Amino acid sequence: MTALLAAAVAALARSLAAVRLSRWNLGAPAVMVLVGVLIGLAVEDSVAAALNTTVAQHVAEITLAFLLFVDATEVRGGRLWGNSPGLVTRVLLLAMPVSVVVAMLLGALLIPGLPWSILLIIACVVVPIDFAPSEQVVRDRRLPARVRSVLNVEGGYNDGIISPVFVFAMLVATEGAAAMPMDAFTMAVTQAAKALGAGIVIGGAVAWLMHRCDRNGWMTAQSRRIAVLLTPLVAYCAAVAIDGNGFVTAFVCGIAFRYLHRLLIARSLHRAPATQRPHAPTALTQDFGLLEDVTALMTMTMWFVVGLAAVVMFAVGVSWQAIVFCAAALTVVRIVPVIASLTRSSLPWRDRLLLSLLGPRGTTTIVFGLIAYNGLPEGDAADTVLLTTVLCVLGSVVLHGGGSNLAISRLTRAK
């Protein structure tokens with residue numbers, strides 16, 4: 001209860017002074033991590049047990065479902081094939097898989113003895129980027145429009161694309177039978193197929209029902225916001241009930257829901273008298289406002305958990321190999337594949353370098369890491385996953401916190 005009270009007070013304090021703290025470059029991640037560390041030092045004996053529980057795993061899973069849904073509905077730079085499709089395809093479907101492979105090879109070199117499935121889990125944890133804690137970066141007008149667009153789409157979709165790979169690796173790691181890889185692959189594909197269908201059906205159905213009920217006067221502004229908030233939860237739980245991949249379902253549901261929701265709103269506005277037409281983006285913002293706020297609160301909680309986990313990990317001890325691995329994961333593991341994938345593209349080399357440098361790790365890494373830590377048997381593998389999660393996220397706070405602004409200033413000024 002002490003930890004919960006501290007997290008709530010910290011989130012409240014940060015909310016009260018959000019503008020002032022932002023001027024000091026103290027965003028929600030830094031504040032919540034710091035408070036988590038302080039509380040972890042006070043209640044160190046109970047932190048490890050609290051992190052490795054069924055409740056903690058379910059909370060992390062639901063948080064990821066919400067994040068995936070929000071990512072699919074909030075991409076400002078256009079849909080996957082909307083703006084700069086060639087660049088987005090290169091970064092997501094070429095650079096990211098290469099980064100995963102490089103992270104696995106580097107992990108095998110620096111942390112020998114781990115099964116390939118654990119190495120794949122770690123790679124899935126440290127590779128996805130997340131701009132949720134660094135939204136000011138992709139809103140920075142000093143960045144070229146195409147760079148902002150690609151970063152928006154990559155940050156919104158990379159976790160949804162990599163989640164089936166993460167689930168596959170977890171299936172292999174937790175079952176451990178000799179013939180399991182092929183069985184796990186078949187199971188993962190089956191789960192993904194179920195999830196794809198469930199996501200499309202649920203996302204489309206909820207959007208259509210909201211539209212029809214709203215037209216009939218059955219909904220209020222508040223009930224619309226609540227309906228949007230409950231959609232990813234319904235999607236995730238429905239997928240789990242049919243043995244599907246709940247993360248894929250939440251992600252696909254967000255895409256289907258957003259697409260049909262926008263389409264139906266646009267049609268309604270077109271049919272309404274000109275004097276009664278609200279601005280379309282305003283209507284969308286009103287419906288998604290509660291979802292965004294709740295998700296923001298959930299992500300703040302995850303950053304608090306990182307602070308708690310940091311106390312546990314540093315009390316046990318941190319090896320130089322883990323530090324080198326996470327430092328490489330935040331730099332060369334992303335920089336080299338991204339620049340290579342953009343070879344002979346229309347982007348100037350400075351823009352390619354910006355794309356490769358601006359890759360913060362955040363809530364996605366935290367949630368993947370917590371799910372793996374709780375899902376794996378207790379032992380060195382689970383501890384290694386948690387350690388790399390904590391080091392990678394804390395390293396990103398330091399490296400990308402001030403480094404992103406420095407990189408943008410230097411590289412955009414050099415043009």
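This is a predicted model: local features need pLDDT of at least 70, side-chain atom pairs count only at pLDDT 80 or more; totals for chains, interfaces and linings use all residues.
Reader: Is Gln191 buried or exposed?

Author: Leaving aside neighbours within four places in sequence, Gln191 is in contact with Val167, Asp243, Gly244 and Asn245. Its relative accessibility is 15%. Buried means under 20%, so Gln191 counts as buried.

Reader: How many disulfides does the structure hold?

Author: A disulfide is a covalent bond between the sulfur atoms of two cysteines. Cys392 is buried, at 0% relative accessibility. The closest cysteine sulfur to that of Cys392 is in Cys326, 5.4 Å away, which is too far for a bond. The number of disulfides in the structure is zero.

Reader: What kind of aromatic pair do Tyr157 and Phe251 make?

Author: The count of aromatic pairs comes to five. For Tyr157 and Phe251, the ring centres are 5.3 Å apart and the planes stand at 85 degrees. Planes over 60 degrees apart count as edge-to-face, so this pair is edge-to-face.

Reader: How many residues apart in sequence are the parts that Phe166 and Phe368 tie together?

Author: Phe166 and Phe368 form a tilted pair, 4.5 Å centre to centre with 35 degrees between the planes. Phe166 lies in helix H9 and Phe368 in helix H17. The parts tied together are therefore separated in sequence by 202 residues.

Reader: Which residues make the nonpolar surface patch of about 320 Å²?

Author: One of them lies in helix H3, residues 28–42, and is Leu41. Leu41 is exposed, with a relative accessible area of 56%. The patch is made by Leu34, Leu38 and Leu41.

Terms used: Residues are numbered from 1 along each chain as its sequence is written. Side-chain values use heavy atoms; hydrogens and water are left out. Patches are made of residues with over 30% relative accessible area and no salt bridge: like charges are joined within 9 Å, nonpolar side chains (Val, Leu, Ile, Met, Phe, Trp, Tyr) within 5 Å. Accessible areas come from the Shrake-Rupley method with a 1.4 Å probe; for residues, only the protein chains shown count as cover. A salt bridge is a side-chain nitrogen of Lys or Arg within 4 Å of a carboxyl oxygen of Asp or Glu. Helices (H or I, at least four residues) and strands (E, at least two) are DSSP runs, numbered from the N terminus. Buried means under 20% relative accessible area, exposed over 50%, partly exposed in between (1.4 Å probe, protein chains only). A disulfide is a pair of cysteine sulfur atoms within 2.5 Å. Contact means heavy atoms within 4.5 Å. Rings of Phe, Tyr and Trp (its six-membered ring) pair if their centres lie within 6.5 Å; planes under 30 degrees apart count as stacked, over 60 as edge-to-face and the rest as tilted.
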